[in-house]
Amino acid sequence: MVLAVEADDLWIGYLDDNDRNIWIIHDASFKVSMGEIYCIVGESGCGKSTLGKAIVGILPPHAETRGVLKIVGETVIRDRDHYYRKVRGRIVSLIPQNPGQALHPYLRIRDQFKYVLRSRYRGIGEDEIRERSYEALRIVGLDPGEVYDSYPHELSGGMQQRTAIALALSTGSRILVADEPTSSLDAHLRMQILRLLERLNRELGLTIIMITHDLLQARKICGRIMVLYAGHIVEEGSVEDVYGNPLHPYTKLLLDTIPILGSRKKLKTIPGEPPEPGKYMVGCPFHPRCPYRMEKCLIETPPTINAGEHRVSCWLYSRNGPAGT
Ligand SMILES: Nc1ncnc2c1ncn2[C@@H]1O[C@H](COP(=O)(O)OP(=O)(O)O)[C@@H](O)[C@H]1O
Ligand SMILES: [Mg+2]
């Protein structure tokens, strides 16, 4: 079966002002199947958006890549070369954090549809543009008659985000990368957008890659989840595995920081800070903050251990003996 996304030893970095490359995503290998809701979680700055941008093909020119990334079987990154022409905006699209990033402020919604549809389908006529736009707007639960002739600022935040999703759908994208799609919305609208993404997945079979720092949100809609720490995949598995039986010390601590509804207990935080990007580090990237740190963790990169679909990169689970015996 063709996979929606397949990354093999993928590295992504940015050149700094001195033309020195700073790796942000380290050696990422993962697969996303067609039709699943896959979540990328981690603290702010760990590289979630960088990975999302790589998947949709909008890394900036000063980004460096290594390894392989495939979208629906098409190689889009092979080391330094990028080949997104066939997939960007056609098969895979981004739902940005802030709908303002997807919607042009000075263009009516109908002109935005016209623009994306014309760049996707050469020679498409007015009637078909209207038909396709109306259909996409209805799918996301908007009244096309109300939205089509409006400017973005005339719509509420929730309607803007729905419109951004409709634009992505109108070109036939089967994979949506939603980068913190609800963080600019009020709490009561968040759930609606999550439900919408869930419905698009269920009814249209769209693959949704959801990026969030919010573990509760991830748990609500995802099937599988990747935990990123400082650009390293530290754990991956089904929601049941990762939430029910977290293996990596970072995941455990992260789950401990989730506020319990109605509890007055003081919120826990994980002591310490993630390493600075570009800082040379040996061993496990989490060792400075890890309560289970052993000598080996300071010296050697932890192995990735698979237990079926559940995998973790941590010396605690190494059969070779964590103490380096
Ligand atoms: N365009 C860019 N140029 C240079 N560095 C960047 C760029 N975008 C992000 N970074 C750096 O990459 C790291 C990860 O950022 P990002 O992918 O936005 O993380 P997240 O989405 O998890 O908060 C941060 O250290 C950030 O400063
Ligand atoms: Mg981000």
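The radius of gyration is taken here over C-alpha atoms, and the globule rule is 2.2 Å times the number of residues to the power 0.38. For 325 residues a compact globule would have a radius of gyration near 20 Å, and the protein agrees with this because its value is 21 Å. Its C-alpha atoms fill a box of roughly 70 × 50 × 40 Å along the principal axes.

This is a predicted model, in which local features need pLDDT of at least 70 and side-chain atom pairs count only at pLDDT 80 or more, while totals for chains, interfaces and linings use all residues. Side-chain values use heavy atoms, with hydrogens and water left out, and residues are numbered from 1 along each chain as its sequence is written.

Of the 325 residues, 49% are buried, meaning under 20% relative accessible area with a 1.4 Å probe, protein chains only. Among contacts (heavy atoms within 4.5 Å) with a separation of 6 or more, 61% are between residues 24 or more positions apart.

The protein has nine helices and 13 strands; these are DSSP runs, with helices (H or I) of at least four residues and strands (E) of at least two, numbered from the N terminus. Two strands pair if DSSP finds at least two bridges between them. Strand β12 (residues 304-307) and strand β13 (residues 310-313) run antiparallel and are joined by four bridges. Ala307 stands opposite His310 in β13. The two strands β12 and β13 form a hairpin with two residues between them, and Gly308 in the turn has a positive phi of about 65°.

Notes: Chains lettered and ligands numbered in written order. Buried < 20%, exposed > 50% of the residue type's maximum accessible area, 1.4 Å probe, protein only.
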